[in-house]
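Please read them with the coordinates open.

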Amino acid sequence: MKKEEAILKFLNGELTKEEISKFSKTEDFELLNKIDKQLERLEIPDFETEEKLSELETRLDGKSVIFPVNWYHIAASILIIGFSFFYFFYHPETIYETSSAEHLAFYLPDSSFVKLNADSKISFTSQTWEENRRIELSGEAYFEVRKGSRFTVESQNGTVSVLGTKFNINDRGKYYFVDCFEGKVQVTATSFDEILTEFQSIQVLDKKWERLSHKFNISPWVNRESKFDNMPLSFILEEMERQFNIIIRPDNIDVNQKMTLSFEHNDIQGALNIVAKPLNSTFIKSGNNTYILTLEK
Amino acid sequence: MFETAQDCCKKEVFETLYRTLSKDILRFLYYKFGADNHPEDIVQEAFIKLWKNCQHVLPQKAKAFLIKVSSNHMLNDIEKKKVSLNFNKSLTVQEDKQDPEFLMRESEFGDRLKKALEELPEHQRVAFLMNRVEKKKHQEIADLLGIGRKAVEKRIYSAVKTLKEKLGEI
């Protein structure tokens with residue numbers, strides 16, 4: 001065996017008994033042994049893992065404060081104790097909210113995915129999330145739920161519960177739509193209790209509910225496009241207001257007539273044209289973000 | 001479609017990674033940069049980077065990520081101090097060997113070893129100390145550093161050769 005090979009095998013603990021007894025007679029062995037002995041004195045810097053971890057987490061929460069004087073230490077301890085009581089006995093709600101022309105994508109504590117449409121709000125309690133996957137929603141959101149315990153979304157008009165699937169809820173008070181894209185969802189409201197599977201929807205409009213089918217794999221709005229199939233004009237205009245952060249005032253136009261169209265969220269002019277054309281009408285800009293929809297003269 | 005690499009972003013996963021990897025990273029940084037360059041702080045910075053990039057780093061790749069970002073930490077740092085390793089003053093020797101001359105020779109050897117280690121190239125010192133202090137196998141070191149086993153052995157052997165030259169005539 002070559003010298004280099006012997007040294008490396010010795011350092012890696014690979015030498016056989018015979019090889020060791022042979023190697024132990026060499027100068028190399030003597031030197032390495034001496035080095036090993038000295039290295040027992042090598043001091044690794046102090047590192048209290050748990051202490052360092054909580055220090056890091058404080059920094060990540062952006063709440064790191066350096067207290068220079070001892071007096072503050074006492075104040076800080078009192079605060080920390082106070083907060084721990086607060087933390088254990090009070091479960092604050094986590095809230096995600098969007099305003100007009102704003103979408104927000106985020107993960108829930110179980111890594112279920114949520115995308116929140118414009119002018120919508122979601123709240124839940126993250127401390128008790130694992131036992132109680134319950135969300136309150138107002139407005140519209142698309143969900144991709146991780147498999148697990150029952151997952152419930154409550155909104156003004158009804159409750160949707162699932163065990164792991166993809167679906168969209170749009171609850172704007174006057175309207176309540178639930179679309180299922182994968183798996184099964186149960187929709188419960190005062191007037192019905194229905195189960196939807198993929199490509200099925202439920203629509204509540206003017207207090208009447210009906211089951212419909214759709215052909216989407218994901219809510220179109222998630223990819224920044226709004227699609228309407230035989231929907232009242234008032235509903236379409238409201239959605240435009242939300243997506244483009246504008247105000248629309250219909251003038252001598254029947255907002256209850258139903259239309260089928262779609263528009264993209266990055267093209268306000270295109271959207272205005274798509275709506276105005278078939279109505280023989282036009283949008284007149286009045287003020288910063290206000291448009292008047294009126295019949296063409 | 002959205003259910004991909006976001007696991008490092010989960011608090012439990014991140015905490016487990018911290019508990020299992022922080023000391024390894026600390027030792028690595030200590031061997032590499034020495035005690036005077038604040039290895040504990042670099043560990044924290046590395047984990048902050050991991051948290052910020054949690055969506056792009058799979059948990060099984062976290063170790064390599066941490067080693068990489070923390071190695072790069074000192075690259076542009078003009079404040080970089082000389083590598084210094086700390087040795088405990090007290091020698092642990094057997095009772096029957098406590099004659100003064102022996103102790104003196106041992107402590108002199110210790111000083112020379114400390115100096116020789118500090119003068120080794122960074123990557124040789126890291127590989128050699130991981131092997132001798134922590135008794136890590138060559139393959140483990142290779143996995144940790146993200147290099148081949150042959151490269152690790154080359155580094156260790158080069159370190160041994162240099163130490164032999166500097167400490168040879170005992």
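1. A polar contact, as used below, is a pair of N or O atoms within 3.5 Å; within protein, one must be able to donate a hydrogen and the other to accept it, and residues adjacent in sequence count only if both atoms are side-chain atoms. Between chain B and chain A there are 13 residue pairs in polar contact, both residues being at pLDDT 80 or more. Here pLDDT is the predictor's confidence in each residue, from 0 to 100.

2. Basis of the note. This is a predicted model, in which local features need pLDDT of at least 70 and side-chain atom pairs count only at pLDDT 80 or more, while totals for chains, interfaces and linings use all residues. Residues are numbered from 1 along each chain as its sequence is written, chains are lettered from A and ligands numbered from 1 in the order in which they are written, and side-chain values use heavy atoms, with hydrogens and water left out.

3. Confidence. The model scores ipTM 0.85 and pTM 0.48. Chain A has an average pLDDT of 86, with 94% of the residues at 70 or above; for chain B the mean is 84, and 87% of its residues reach 70 or more. Helices (H or I, at least four residues) and strands (E, at least two) are DSSP runs, numbered from the N terminus. Within chain A, helix α5 (residues 70–89) has the lowest confidence, a mean of 72, and strand β9 (residues 166–171) the highest, at 94.

4. Contact means heavy atoms within 4.5 Å.

5. Charged pairs and the elements involved. A salt bridge is a side-chain nitrogen of Lys or Arg within 4 Å of a carboxyl oxygen of Asp or Glu. Six are found across the interface of chain B and chain A. R132(B) and D36(A) form a salt bridge through their side chains, at 2.6 Å from N to O.

6. Helix α1 of chain A. Buried means under 20% relative accessible area, exposed over 50%, partly exposed in between (1.4 Å probe, protein chains only). In α1(A), residues 3–11, the buried positions include A6(A), I7(A), L8(A), F10(A) and L11(A). The buried residues of this helix pack against α2 (17–23) and α3 (27–39) of chain A, and also against α5, α6 (138–145) and α7 of chain B.

7. Chain B overall. Chain B has seven helices and one strand, in the order α-α-α-β-α-α-α-α from the N terminus. Of its 170 residues, 45% count as buried. Among contacts in chain B with a separation of 6 or more, 68% join residues 24 or more positions apart.

8. Cysteines. A disulfide is a pair of cysteine sulfur atoms within 2.5 Å, and the structure holds one over all chains. The sulfur atoms of C9(B) and C54(B) are 2.0 Å apart in this bond, which is right-handed, with 95° about S-S. C9(B) lies in the segment before α1 (11–33) of chain B and C54(B) in the loop between α2 (39–52) and α3 (62–72), so the link ties together parts 45 residues apart in sequence. C9(B) is partly exposed at 23% relative accessibility, whereas C54(B) is buried at 8%.

9. C8(B) is buried, at 0% relative accessible area.
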